[in-house]
Amino acid sequence: MEVLYIKNMVCNRCIMVVEAELEKLNIQTLSVELGEVRLDKKLTTEQKNKLSGRLESLGFSLIDDKKGRLIEQVKNLIIELVHYNNNNLKINLSDYISDKLHHDYNYISNLFSEVEGTTIEKYFIAQKIEKVKELLVYDELTLNEIAFNLNYSSVAHLSAQFKKVTGLTPSHFRQIRTNKRKPLDEV
């Protein structure tokens, strides 16, 4: 068995694209998840090079070093938590990450800051703001419902954080509705 770690897999469509590429190369998989592919057997160097080239042409890349894999796992955990498991946002982020990755949070946090140039907390907030933007554009929920769903203590807290990150109030953002959203891998 072999596990490949892939950078920039941030959504279900990314999983489908990677699965399709693996299928085109006749590479059998056990599972494909955000940032991770489990194979039933080890790839040859030629297969790995072909896969790497195909993935890079699509905006992904294979991660070979342990630190890079750990950083990508942190990002994927946060993206999953914010964009796909909203009901779990009430948990303690540092405990959640250290439990899931089986590493001391201080180590993970320092490594993340060193490599990414930002803190895990700021990355988490940026992801939450992207989710807020998405929900504002859909215009199906009130600001109060959005604040509740994303575990903000109040609408005022959400609004203050939104304005600090985007420079706009949520209400103004909703009114202008221009394409101010970012792809998740660029947050």
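Analyst: Buried means under 20% relative accessible area, exposed over 50%, and partly exposed in between, using a 1.4 Å probe and protein chains only. This is a predicted model, so local features need pLDDT of at least 70 and side-chain atom pairs count only at pLDDT 80 or more, while totals for chains, interfaces and linings use all residues. Residues are numbered from 1 along each chain as its sequence is written, and side-chain values use heavy atoms, with hydrogens and water left out.

User: Which residue does Lys42 form a salt bridge with?
Analyst: Glu2, with the closest N and O atoms 4.0 Å apart. A salt bridge here is a side-chain nitrogen of Lys or Arg within 4 Å of a carboxyl oxygen of Asp or Glu. Lys42 is in the loop between β3 and α2 and Glu2 is in strand β1, so the pair links parts of the chain 40 residues apart. Those labels come from DSSP runs, numbered from the N terminus: helices are H or I with at least four residues, strands are E with at least two.

User: Is Glu2 buried or exposed?
Analyst: Buried, at 7% relative accessibility. Glu2 is also linked with Lys42 and Lys48 in a network of salt bridges.

User: How many salt bridges does the structure hold?
Analyst: It holds 10. One of them joins Glu116 and Lys75, at 3.1 Å from N to O. That pair links distant parts of the chain, with Glu116 in helix α5 and Lys75 in helix α3, 41 residues apart. Glu116 is partly exposed, with a relative accessible area of 30%, whereas Lys75 counts as buried at 12%.

User: OK, new topic. How many residues are in the largest nonpolar core?
Analyst: There are 38, and Val18, Ile78 and Ile97 have the most contacts inside it. A nonpolar core is a set of buried Ala, Val, Leu, Ile, Met, Phe, Trp, Tyr and Cys residues joined through side-chain atoms within 4.5 Å. Elements that each supply at least two residues include β1 (2-7), α1 (12-24) and α3 (66-84).

User: Which element gives the most to this core?
Analyst: That's α3, with 8 residues. Of the 19 residues in α3, 14 are buried, so this helix is largely enclosed by the rest of the structure.

User: And what is Ile97 in contact with?
Analyst: Leaving aside neighbours within four places in sequence, Ile97 is in contact with Val74, Leu77, Ile78, Tyr105, Ile108 and Ile120. Contact means heavy atoms within 4.5 Å.

User: How many aromatic pairs does the count come to?
Analyst: The count comes to 2. Rings of Phe, Tyr and Trp (its six-membered ring) pair if their centres lie within 6.5 Å; planes under 30 degrees apart count as stacked, over 60 as edge-to-face and the rest as tilted. Phe112 and Tyr123 make an edge-to-face pair, 5.7 Å centre to centre with 65 degrees between the planes. Phe112 sits in helix α5 and Tyr123 in helix α6, 11 residues apart. For Phe162 and Phe173, the ring centres are 5.6 Å apart and the planes are at 75 degrees, so that pair is edge-to-face.

User: Are Phe162 and Phe173 buried or exposed?
Analyst: Phe162 is buried, and Phe173 is too.
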